[in-house]
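This report goes through a structure one topic at a time. Please keep the sequence and the 3D view open while reading.

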Number of protein chains: 2
Amino acid sequence: MSRARILVTGILFDTAAAIFAKHPSIEVIRAPGPEPWSRDVLIEKAKGVDAVISLWPQAHFVQDVIKSAGSSLRVVGVDSIGYNYLDLPYLKEHSIRLGNAGTSNIADATAEIGVFLTLAATRRVSLAQRALNSGNWKDWNGDLTFFGSATLLNKTIGVVGFGNVGFGVAKRLSGFGLGRILYHSRSQKLESETKLNGLHGAGFCIFCPTLDDMLPQSDVVVIAVDLNTSTQHLIDYRRLQLLKPTAVLVNVSRGAVIVQDDLVRSLKEGKPAAAGLDVMTPEPLPTDSELFQFPQITLLPHIGGDSSDALADAQTVAVKNVVQALVGEEMESEVKLF
Amino acid sequence: MSRARILVTGILFDTAAAIFAKHPSIEVIRAPGPEPWSRDVLIEKAKGVDAVISLWPQAHFVQDVIKSAGSSLRVVGVDSIGYNYLDLPYLKEHSIRLGNAGTSNIADATAEIGVFLTLAATRRVSLAQRALNSGNWKDWNGDLTFFGSATLLNKTIGVVGFGNVGFGVAKRLSGFGLGRILYHSRSQKLESETKLNGLHGAGFCIFCPTLDDMLPQSDVVVIAVDLNTSTQHLIDYRRLQLLKPTAVLVNVSRGAVIVQDDLVRSLKEGKPAAAGLDVMTPEPLPTDSELFQFPQITLLPHIGGDSSDALADAQTVAVKNVVQALVGEEMESEVKLF
């Protein structure tokens, strides 16, 4: 049997590349310098490889690299939690296994941005920053009700999706003196509930089988679901009307979970009262997007997982997944496709 | 004995005003409508009152109101934690007691902004927002090391001042997977340490008797001290040089705790790597301030305590303090001046 060959689509941190040193039987094909290979070079190098490690900068064309690999390809490892840039039917059809970075610190990094956007929305930070930057600080100083800011004390947080990101947001916010944490998810997450209730008392964290029941009870709604066919356009105009007039909306999942035109329409009518969005449609967001017209929204350019330490950790998980699959061990974080 | 008389300098939330209803023996003097009285009217109305309740919008001239009250004045209640706008020697000389809002939710509101600014600085949010707003999102997309963002996982937080605000920041951040929390304070705060170590294990929260020892160990330095003669200009050029090159600085205390010109000089030289400032010198900050020139700083217009629920609670504490003093009960939050 010939040596197994892995193609890496981009530049690895040293900590991730170090894993290969323990597996001299595997051949690693990657750009030798600090510059990544082009799309054309990667498609050429892919021919006949056993595995592809897909890094984020090259993700938008990695499906072409995967197809170029052909029938030898057995496993793909990605350095992100989401993988909506892959052609899943193709992977299934060719029995190609998939590993994601679901167990990496990317989820922690994203949860941090979830907390950041929650505070940005509840404390109306974008309005305050606008006053500061335009020299109008004095105009509202003292009129503390001017911009509707409220603390998280005794508030109810409703989390949509209770995986590593959603639970990560809930765990962090649970130290802010909340009243309750509600969550909606495909299934009840007893282990996560038990952790939070152990710290804050029985009944602090509550499963809501029906999203429509959770929305009217929540002061903050945090969207942290995976994007898939059942979550696409989950938050539409009808559901936005279920929010309290004072509720704020945070999205650290994917833009397509919200019907963005419906959000714009509902914002114009006053709901949600404020929002924090790390994700939107399309990305990058055109600077003439209507979303920029709402001073009560804090927008971020999809930086949820973007931190140097989380990225290094995500690459490490991507490399581990692929090496484990090639040497016949259980993958650290496999997305079961078949 | 005639009825005790309280002058309220501004407009009270209903929840705070409701306390007076339980004390019909006290005469309350306050503006009847939604508009506050002017400085001149307040100075006239103050003559001969027993107590003054000082609300934030009128704080900048409240000392004149206090002097107008004359020798009848026995107690002043303020709706803020800090009280550097009062003439403390005058209060002492005239045996006037002082109550502040130290036990109110203002500390929680400020701690939330401390967490917000910590995440803004560590995740380089201001740089990301600049890219988004200028249409340069694509330019750095994928180059995740571009702006030096890092998560709080395993990081060391150094908190300067461990009162309600400093501990409030520490308690909230302790759920973010930190390595350790160090704090510097006039005295060791065993009760606060025990709470954090109970959740995160012995050695998680550590008292640093010397600020100069704490600064070089910290990945994030959060300033949360009271401003007084011993903390004014505490953070000067020499101390800024003790920071790690990667460290970020957050201030939710008062601008004068930092020598601002020293901070500007040190930022130009690269330290701290990023910052989050809710307070600065002077306030309001002129729009031509050099602080606006640093894209790695997130600035807020002193909104730490500014939330409608925290303000209502602070007013409630201010009213309680004054009523308690007049009826001979212990004050909920007295600042001992004599």
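## Basis of the model

This is a predicted model, in which local features need pLDDT of at least 70 and side-chain atom pairs count only at pLDDT 80 or more, while totals for chains, interfaces and linings use all residues. Residues are numbered from 1 along each chain as its sequence is written, chains are lettered from A and ligands numbered from 1 in the order in which they are written, and side-chain values use heavy atoms, with hydrogens and water left out.

The size of an interface is often given as the accessible area lost when the parts come together. Here chain A and chain B bury about 5,000 Å² between them, and 69% of that is on carbon and sulfur atoms. Buried area is the accessible area (1.4 Å probe) that two parts lose on being put together, summed over both. Chain A brings 59 residues to the contact and chain B brings 59 residues, where contact means heavy atoms within 4.5 Å.

Four salt bridges are counted between chain A and chain B. A salt bridge is a side-chain nitrogen of Lys or Arg within 4 Å of a carboxyl oxygen of Asp or Glu. A salt bridge joins the side chains of A:Asp309 and B:Lys155, with 3.0 Å from N to O.

Which parts of chain A supply at least two residues each to the side that touches chain B? They are α5 (106-122), α6 (125-133), α7 (137-140), α8 (164-173), β12 (297-299) and α13 (308-327). Helices (H or I, at least four residues) and strands (E, at least two) are DSSP runs, numbered from the N terminus. With eight residues, α5(A) gives the most to this side. The residues on this side of chain A divide into 31 nonpolar, 18 polar and 10 charged. Ala, Val, Leu, Ile, Met, Phe, Trp, Tyr, Cys and Pro count as nonpolar, Asp, Glu, Lys and Arg as charged, and the others, Gly among them, as polar.

Helix α13 of chain B (residues 308-327) has 20 residues, which at 1.5 Å a residue should span 28 Å; its end C-alpha atoms are 29 Å apart, which agrees. The expected span is 1.5 Å times one less than the number of residues. Of the 20 residues of α13(B), 15 are buried, so this helix is largely enclosed by the rest of the structure. Buried means under 20% relative accessible area, exposed over 50%, and partly exposed in between (1.4 Å probe, protein chains only). After α13(B) comes B:Gly328, with a positive phi near 85°.

In helix α12 of chain A (residues 260-268), the buried residues include A:Gln260, A:Asp262 and A:Leu263. The buried residues of α12(A) pack against α11 (237-240), β10 (248-251), β11 (274-277) and β12 of chain A. A:Gly270 follows α12(A), and its phi is positive, near 110°.

## Salt bridges within a chain

Over all chains the count is 34 salt bridges. One of them joins A:Asp108 and A:Arg172, whose closest N and O atoms are 3.1 Å apart. A:Asp108 lies in helix α5 and A:Arg172 in helix α8 of chain A, so the pair ties together parts that are 64 residues apart in sequence. Both A:Asp108 and A:Arg172 are buried.

In chain B, the side chains of B:Arg239 and B:Asp212 form a salt bridge at 2.6 Å, N to O. B:Arg239 is in helix α11 and B:Asp212 in helix α10 of chain B, 27 residues apart. B:Arg239 is buried, at 19% relative accessible area, whereas B:Asp212 is partly exposed, at 23%.

## Backbone angles

Most residues other than glycine have a negative phi, and most peptide bonds are trans. A:Arg124 is not a glycine, yet its phi is positive, about 55°. A:Arg124 lies in the loop between α5 and α6 of chain A and is buried, with a relative accessible area of 10%.

A cis peptide bond joins B:Lys271 and B:Pro272, with omega about -5°. B:Pro272 is in the loop between α12 (260-269) and β11 (274-277) of chain B. Another cis peptide bond joins B:Thr281 and B:Pro282, with omega about -10°.
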